[in-house]
Amino acid sequence: MEFSSKLLEKAVNEIAQLPGIGKRTALRLVLHLLKQPSEQTQFLSQALTKMREEIKFCTSCHNISDVEVCEICNNPNRNHKIICVVEDVRDVMAIENTNQFKGIYHVLGGKISPIDGVGPSQLNIDSLVEKVKLGKVEELIFALSSTMEGDTTNFYIFKRIKDYEVKTSTIARGIAVGDELEYADEVTLGRSILNRIPFENTLKNI
């Protein structure tokens with residue numbers, strides 16, 4: 001792709017690094033910005049810069065937040081004895097959109113995947129185990145995607161907390177094997193939360 005401007009080329013190359021954005025799409029976006037009032041581009045730039053510099057991760061559940069402890073963890077109307085364990089913040093958003101879950105979350109920040117060089121120590125697993133050790137958690141709901149990496153991560157956590165008095169369950173397999181939660185429709189995802197099953201029942205499949 002030939003560019004008549006080095007400035008245009010640099011902008012396109014930067015935007016093309018975003019997931020799912022190729023150079024042609026990036027070029028369309030850049031040309032669109034050039035047609036807008038300069039203030040619009042400044043607003044976008046300021047919003048991105050402010051987000052990157054000021055956004056926080058909840059000190060309790062590791063969800064993205066504007067404050068030290070997110071609104072979900074701070075909500076007294078949530079059931080703090082039930083923790084839904086998810087891979088990343090997109091899963092929190094997906095489950096919240098169902099309006100079916102009234103507990104709190106714990107964001108692992110990924111899944112155990114040796115082939116990708118991701119081990120347990122690189123995930124937010126130790127802080128989850130510490131919550132269980134305190135004895136205030138009644139149930140952990142494993143809501144990771146139905147993949148080999150997701151099942152491996154579930155099993156690893158289960159082994160870490162199996163000696164403590166805490167119920168473990170997993171979302172029902174209304175979510176197809178291999179599917180990511182963020183792509184599930186809200187009705188199916190909501191039912192899979194409500195119809196969760198004991199995690200021990202799934203061990204024969206691991």
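## Salt bridges

The count of salt bridges comes to nine, where a salt bridge means a side-chain nitrogen of Lys or Arg within 4 Å of a carboxyl oxygen of Asp or Glu. The model is predicted, so local features need pLDDT of at least 70 and side-chain atom pairs count only at pLDDT 80 or more, while totals for chains, interfaces and linings use all residues. Residues are numbered from 1 along each chain as its sequence is written, and side-chain values use heavy atoms, with hydrogens and water left out.

One of these pairs is Lys-81 with Glu-138, whose closest N and O atoms are 3.7 Å apart. Lys-81 sits in strand E3 (residues 79-86) and Glu-138 in the loop between H6 and strand E5 (139-142), so this pair ties together parts 57 residues apart in sequence. Helices (H or I, at least four residues) and strands (E, at least two) are DSSP runs, numbered from the N terminus. Asp-126 and Arg-160 form another salt bridge, at 3.1 Å between the closest N and O atoms. Asp-126 belongs to helix H6 and Arg-160 to helix H7 (residues 148-161), so parts 34 residues apart in sequence are tied together.

## Helix H6

Lys-133 and Glu-130 also meet in a salt bridge (3.6 Å, N to O). They are three residues apart in helix H6, and therefore separated by about one helical turn.

Leu-128 is found in helix H6 too (residues 126-133). With 0% relative accessibility, Leu-128 counts as buried; buried means under 20% relative accessible area, exposed over 50%, and partly exposed in between (1.4 Å probe, protein chains only). Leaving out residues up to four places away in sequence, Leu-128 touches Ile-83, Val-85, His-106, Leu-108, Leu-140 and Ile-157, with contact meaning heavy atoms within 4.5 Å.

## Leu-44 and the largest pocket

Leu-44 has its place in helix H3 (residues 38-54) and, at 39% relative accessibility, counts as partly exposed. The largest pocket is lined by 16 residues, and Ala-11, Ile-15, Val-30, Leu-33 and Leu-44 lie nearest its centre. Helix H1 (6-15), helix H2 (23-35) and H3 are the elements that give two or more residues to this lining. On a 1 Å grid over the protein atoms alone, a pocket is an open set of points where a 1.4 Å probe fits, with protein on both sides within 12 Å along at least five of seven lines; lining residues have an atom within 4 Å of a point.

## The whole chain

The protein chain has eight helices and seven strands. Of its 206 residues, 38% count as buried.
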